[in-house]
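Welcome! Try each task before reading its solution.

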Amino acid sequence: MEANPRSIGRLPAAFLTPGSSSFMDFLSDHSPELLPGNRKLPEGIVEAPHGTTIVAATFPGGVVLAGDRRATMGNMIAQRDIEKVFPADEYSAVGIAGTAGLAVEMVKLFQLELEHFEKVEGATLSLEGKANRLSTMIRSNLGMAMQGLAVVPLFAGWDEGKEKGRIFSYDVTGGRSEEHGYAATGSGSIFARGSMKKLYRDDLTEQQATTLVVQALYDAADDDSATGGPDLARRIFPIVTVITDEGFRRLTEAESSELARSVTERRLEQPDGPRAALL
């Protein structure tokens, strides 16, 4: 029996005429097994690398999102140079904490979701809409989270409508909260947040904001063994990104190296970091 020439090398009609602007909905209809939350886990305890810590801070004109480079598995260091901060699209970024493999997969799906919406609708989602889409993805992973494989990202971007940088944090159920000024997630978040609480001001320059997040990551690494500090010997430094009305920009290795080295050198004089005024 001869194959229909019109079907050779052609996708099914449903693939060419998606009924939804959501790539997740499209995937749920046609290949639901590909969604991270639908994967079948092996029996017993699952050991997987976990990533920490992510921090963010706003400044007039934008927002900074940064992360350390360590991934742990139990009490062991699984990876020293993992990347935890990714662009979501031109004007937003997401930092991952939690189960590293699932988190990276979720970020890739989130990137596709935003690109798919833009191509289908001919317009980009609002920052609020992007935050809501990520919330839905995290909620779909609840089954995995209840088995210990949680993903808890931090989302930040430039809001073109409000003309300012904004930060959104999440819990394992997909619950979303907007953070004002600064935020942190991951195992070292309590120490990073404490650091930023004393140093943050709403009139920071971009340079001061990037210094602030590196100081916070240093303080987190000082008290949390799962958070990695700047590794001068291996030249492994935090990933620092800036999002403004000009779009997403990741600091170059030279820029992040200089920033981390300057913070480390000051810590030789003040091991506990900068002092905030009492009054």
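**Exercise 1.** Why is strand 3 (residues 62-67) largely enclosed by the rest of the structure?

*Solution.* Before starting, note that this is a predicted model, where local features need pLDDT of at least 70, side-chain atom pairs count only at pLDDT 80 or more, and totals for chains, interfaces and linings use all residues. Residues are numbered from 1 along each chain as its sequence is written, and side-chain values use heavy atoms, with hydrogens and water left out.

Step 1: strands are DSSP runs of E with at least two residues, helices are runs of H or I with at least four, and both are numbered from the N terminus. Step 2: buried means under 20% relative accessible area, with a 1.4 Å probe and protein chains only. Step 3: six of the six residues of strand 3 are buried, so the strand is largely enclosed. Step 4: look at both faces, where Gly62, Val64 and Ala66 point one way and Val63, Leu65 and Gly67 the other way.

**Exercise 2.** Find the strands that pair with strand 3.

*Solution.* Step 1: strands pair if DSSP finds at least two bridges between them. Step 2: strand 2 (residues 54-59) is an antiparallel partner over six bridges, with Phe59 opposite Gly62. Step 3: two residues lie between the strands of this hairpin, and Gly61 has a positive phi near 110 degrees. Step 4: strand 13 (residues 239-244) also runs antiparallel to strand 3, joined by six bridges, and its Thr241 stands opposite Leu65.

Notes:
Buried means under 20% relative accessible area, exposed over 50%, partly exposed in between (1.4 Å probe, protein chains only).
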